[in-house]
Amino acid sequence: MTTDSTPTFSRRAALLGGIGVGTTALAAGTLASPAVAAPPRAHGGAGTGSAVHHEPGRLFPTLDRVRSIRVADMSDLDGFDRLLLVTLQGVVNRSRPEIYLIVDPVDATWVDDLPVRVQREKDPWKLLDRYRRCIAGAIVYDIDAPDTINLATTLAAQRGCVVASADQAAQHGLKIVEDLRGRFADDPAAIYEYAIDELWAGTRHEMLVGLPPIHTVEVEGVTWTEVLRAEQPVRDSSNRGTYTVDLSSHVGAGTVFVQLADAFPKDGWGPALHHVSVEVDGAAGPAFTPGGEEEAPYLFDAGGSQTAAGKRFADGGATFIYRFEVPAGTTSLTLALELENEYLVSVTDTAPTRVEPFTSFRDYAIATNSLVTWLPPSGDSGSQFEELLSRMEPGSVYPGWFSDDVDGEWSGVGLCSQHGVIVVAADYYTNASVLSGIRAETAASPAAPTGRAPQAGRTYVTLTFGEGDNIQYCQRQMRELWDDEARGSVPMNWTITPLLEDVGPALLHHFQATATELDGFVCGPSGAGYTYGDSWPQDEFARFTELSGAYQARTGLDIIYAYSTPTAEQPFPRLPDWVLQDYRDDVPLRGIIQTDEKASISEPGAIVPLIGTLYPSGGVEEYHTAITDRIAAHEGDAPLFLAGLINAWSWTPTDVRDLVDSLPEDVEVVLADEFFDLFAQTA
């Protein structure tokens, strides 16, 4: 699971029309550091409103029952306008949940499936006129210190306000209740220190929200010129070398943007960059290793890439872009890139992305009066994140994601697990403040055992789409995959979260009601939310398994896909027995599929039947080869069991069908429930 990580350096000056503090040129230059102004103290606020309820035994607050919704399409608006309307949605919906906002076609697709009356607003700005009486005014953020957008969101929840720019407040006649401009330097640590000291006490302590204050949006009409490409798939670093590209023909505009992308995005082995050196008119220019301070002035857009061990890599749809300012009169510009694997390097002289406020899930943060931060779980600011986690009770929830492009997922989930806080990837989940109030039947029962016995010499395979712990995946990508015409043609499992019972029961109901006999559901990592059981305090983990047991019993999920804590020595160690024991005691389970990727775990006689995933990179052909290689290496007549994990971001049900159709006749593909019924008999 990955999310975009947005750098907060001076590129905003170019993207936001001169707002900011300058950029770094190829010859020389510095980044300015505005001083921190002492912010005034915040005051107490209005709370969350009467429509919000947090029932015992539930992770998420829910809202009053929704019988009708008012739908407005804001897909044509930019992030600045969306921010105002999404925060309006949060304030209105916490008292009477009814506003539903369309951001993209997926939001529109869901409308017809919701069991409520629908009224449509032709002009989204009519919402502001209609509900003006519900808001006290505007909290104005400072785009030069973008983390004030998160601060403003928390203040808006407490004051009953929308979040707006000063220009928007003037344009729409909104009273400025608090103005954050000029009160903070672009120093996230200082901004969140203020939020912790002054605002935390007035927020909901069962939930902490992590959202990026800004993100990048592609600019239409930008033309990229390809300058370097790996012509064949390479996944073993065997093509690592230093490649020189001549960018002299692109220096005329004064700025050059260089993008690195995955040349074969289907297999998830994109470019890994180890070093960059620049030569300007024959003289040595900047040189840097990714991930260090030297890289920051040139990294224009991290684009979902990650850094680790002195390299930056981007797999699948992820990219990263560098920006180099070219001194006037330059005639020659070359880059030497130390690269490996499946690289695609392109260049343009037009800014390819722009920065806008990040808006998703803010409606729910406001409706529930939750503190919003964007703190990395490692590094200097990690102490602030850990301080907040230490203030939360075990069994609390952290929806959103993590500000760390190095190993934010692993360190973030690990740190939350150590504090007994449950992670839910939610940063792109939209309309939570109204979807949580749309009631729908979600009760379900597991499939009955088939009574079959495994056959000697046979291979049993079950194939499972991952990412189902991620509520935004369930809302967006899973819905698109679900509508693939090949779904239902062969057995395939879908990880899904039972937490949709709280934040999207109508979504969960849709999947349950439209599933075919060849669709199976597996509870996404690692039960009632994403966590690493082996990182929890051992005497506290039962809180998680008890929650999971209740959610899963209600929604009929008796198989879990689980993670263990990744380590440098062993990326996915076997779950320890004490974790399995808590699962067995509290969760009605057929079995656990554990992230393993090499299928090295196969224990039908474990405390809970346990099997590791087979997760080969590549497409259908590579997956077919991985399965047949396992069959060839299997000794004896005992049946072979393989739990294949499917990449939900690059595969479709059509791909799964093609894979199943390609397998030998002695391979039987079954759903996960039947798989574990057969697997357990081999103990």
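Visitor: Which side chain does R229 meet in a salt bridge?

Guide: That would be E226, at 3.1 Å from N to O. Keep in mind that we're looking at a predicted model.

Visitor: Is R229 buried, partly exposed or exposed?

Guide: R229 is partly exposed, with a relative accessible area of 29%.

Visitor: And E226, buried or partly exposed?

Guide: E226 counts as partly exposed too, at 43% relative accessibility.

Visitor: How many salt bridges does the structure hold?

Guide: There are 34 salt bridges. One of them joins the side chains of R476 and D107, at 2.9 Å from N to O.

Visitor: Where do R476 and D107 lie?

Guide: R476 is in the loop between α12 (471-475) and α13 (477-482), while D107 belongs to helix α3 (residues 105-111).

Visitor: What about R312, which residue does it form a salt bridge with?

Guide: R312 pairs with E295, and their closest N and O atoms are 2.8 Å apart. R312 sits in strand β18 (residues 311-313), whereas E295 is in the loop between β15 (283-288) and β16 (299-301), 17 residues apart.

Visitor: Why does E295 count as buried?

Guide: Because its relative accessibility is 3%, and buried means under 20%. R312 is buried as well, with a relative accessible area of 2%.

Visitor: Which residues are linked in a network of salt bridges?

Guide: E55, R58, E501, D502 and R554 are linked that way.

Visitor: Okay, switching to D519. Where is it found?

Guide: D519 is in strand β28, which covers residues 519-523. At 8% relative accessibility, D519 counts as buried.

Visitor: What does the D519 side chain make a polar contact with?

Guide: The side chain of R487, at 2.6 Å. The D519 side chain also reaches the backbone nitrogen of T516, at 2.9 Å.

Visitor: Leaving aside neighbours within four places in sequence, which residues is D519 in contact with?

Guide: Besides R487, the list has W482, G488, M492, W494 and L671.

Visitor: Let's do a helix. How many residues does α2 have, and how far does it reach?

Guide: α2 (residues 79-93) has 15 residues and reaches 20 Å from its first C-alpha to its last. That's close to the 21 Å expected at 1.5 Å a residue.

Visitor: Is α2 mostly covered or mostly open?

Guide: Mostly covered, with 14 of its 15 residues buried.

Visitor: What caps the N-terminal end of α2?

Guide: D78 does, with a side-chain oxygen 3.1 Å from the backbone nitrogen of F80.

Visitor: Now the sheet with β6 in it. In what order do its strands come?

Guide: The order is β7-β6-β8, three strands in an open sheet with parallel pairing. β7 (162-164) and β8 (176-179) stand at the edges and have a single partner strand each, so one side of each is left without a neighbour in the sheet.

Visitor: By how much are neighbouring strands turned against each other?

Guide: By 30° on average, direction ignored.

Visitor: How many bridges join β6 to β7?

Guide: Three bridges join strand β6 (residues 138-140) to β7, and the two run parallel. I139 stands opposite V163 in β7.

Technical notes. Residues are numbered from 1 along each chain as its sequence is written. This is a predicted model: local features need pLDDT of at least 70, side-chain atom pairs count only at pLDDT 80 or more; totals for chains, interfaces and linings use all residues. Side-chain values use heavy atoms; hydrogens and water are left out. Helices (H or I, at least four residues) and strands (E, at least two) are DSSP runs, numbered from the N terminus. The expected span of a helix is 1.5 Å times one less than its number of residues. Buried means under 20% relative accessible area, exposed over 50%, partly exposed in between (1.4 Å probe, protein chains only). A polar contact is a pair of N or O atoms within 3.5 Å; within protein, one must be able to donate a hydrogen and the other to accept it, and residues adjacent in sequence count only if both atoms are side-chain atoms. Two strands pair if DSSP finds at least two bridges between them. Axes are lines fitted to C-alpha atoms, for helices over the stretch in contact, and angles run from 0 to 180 degrees between N-to-C directions. Contact means heavy atoms within 4.5 Å. A salt bridge is a side-chain nitrogen of Lys or Arg within 4 Å of a carboxyl oxygen of Asp or Glu.
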